[in-house]
Amino acid sequence: MNLGELSQFLYEKPLMGLTIAAILVSMLAGMLTMRYPRLSHGLRNTAYLGLTAALLLTVASLASNAHRSDAALWLDQVRPASIQGTQTVLPLRTDNHFWVEAQLNGEPVNFLIDTGATYTGISQSVARRAGIVPDQGDEGVMLDTANGTIVARMATASSLRFGSIEATSLPIAIGPDNEVETNVIGMNLLSQLGSWRVQNNQLILEPKPAAKADKAD
């Protein structure tokens, strides 16, 4: 490999180039220790900074490519929805799902948008935190989840809000904590919207237009 090819290779792989440069600077610092101690100390510190930067950038790169890793999810945390005009926009997260931080009866709760779920569903612990109790006379329903079929209790949430979307008196399924790993927003909420679609790795939700008041006679 000639010098030109080496330069092109390092240009295409900047992290490797940074690491090699830091190692070379560290070696140079060692060679100058006896003769130029102050310069050697400065070069050694520069090399340490370069190696640290290369390590952090490598970890960030690996996390961004490992879609289901804990690091990736930590770097791409669930956030409140953004509002563009009347639309609520949710970006696709690194796990290839759409998540949102919503207000359930005023309590912040992270939800997965699940178009395959019939009902919006939460765990028992989230229900307690939001002050939601099973409806009187409810005998439970069988629901299919990613972890299999569970028995859930039906309840009613006073409100669920995120972005420009708000649902009131929303039927909601409460599942046991040991069987519900993820709170989901299901089709019983999405079907109340004016429209929803996926475009450019974004989920775009449009609330139903407010009904116009009847004209006076």
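## A partly exposed residue

I20 counts as partly exposed, with a relative accessibility of 35%; partly exposed lies between buried (under 20% relative accessible area) and exposed (over 50%), using a 1.4 Å probe and protein chains only. I20 sits in helix α2, where helices are DSSP runs of H or I with at least four residues, strands are runs of E with at least two, and both are numbered from the N terminus.

This is a predicted model, in which local features need pLDDT of at least 70 and side-chain atom pairs count only at pLDDT 80 or more, while totals for chains, interfaces and linings use all residues. Residues are numbered from 1 along each chain as its sequence is written, and side-chain values use heavy atoms, leaving out hydrogens and water.

## The largest core

Let's look inside. In soluble globular proteins, nonpolar side chains tend to be buried together. Here the largest nonpolar core has 29 residues; such a core is a set of buried Ala, Val, Leu, Ile, Met, Phe, Trp, Tyr and Cys residues joined through side-chain atoms within 4.5 Å. Strand β8 gives the most to this core, 5 residues. L160 and F162 are among the residues with the most contacts inside the core.

Apart from this core lies another, of 6 residues, including L143 and I150.

## A buried threonine

T88 belongs to strand β2 (residues 87–91) and is buried, at a relative accessible area of 0%. Beyond its neighbours within four places in sequence, T88 is in contact with residues including F162, S164 and L203; contact means heavy atoms within 4.5 Å.
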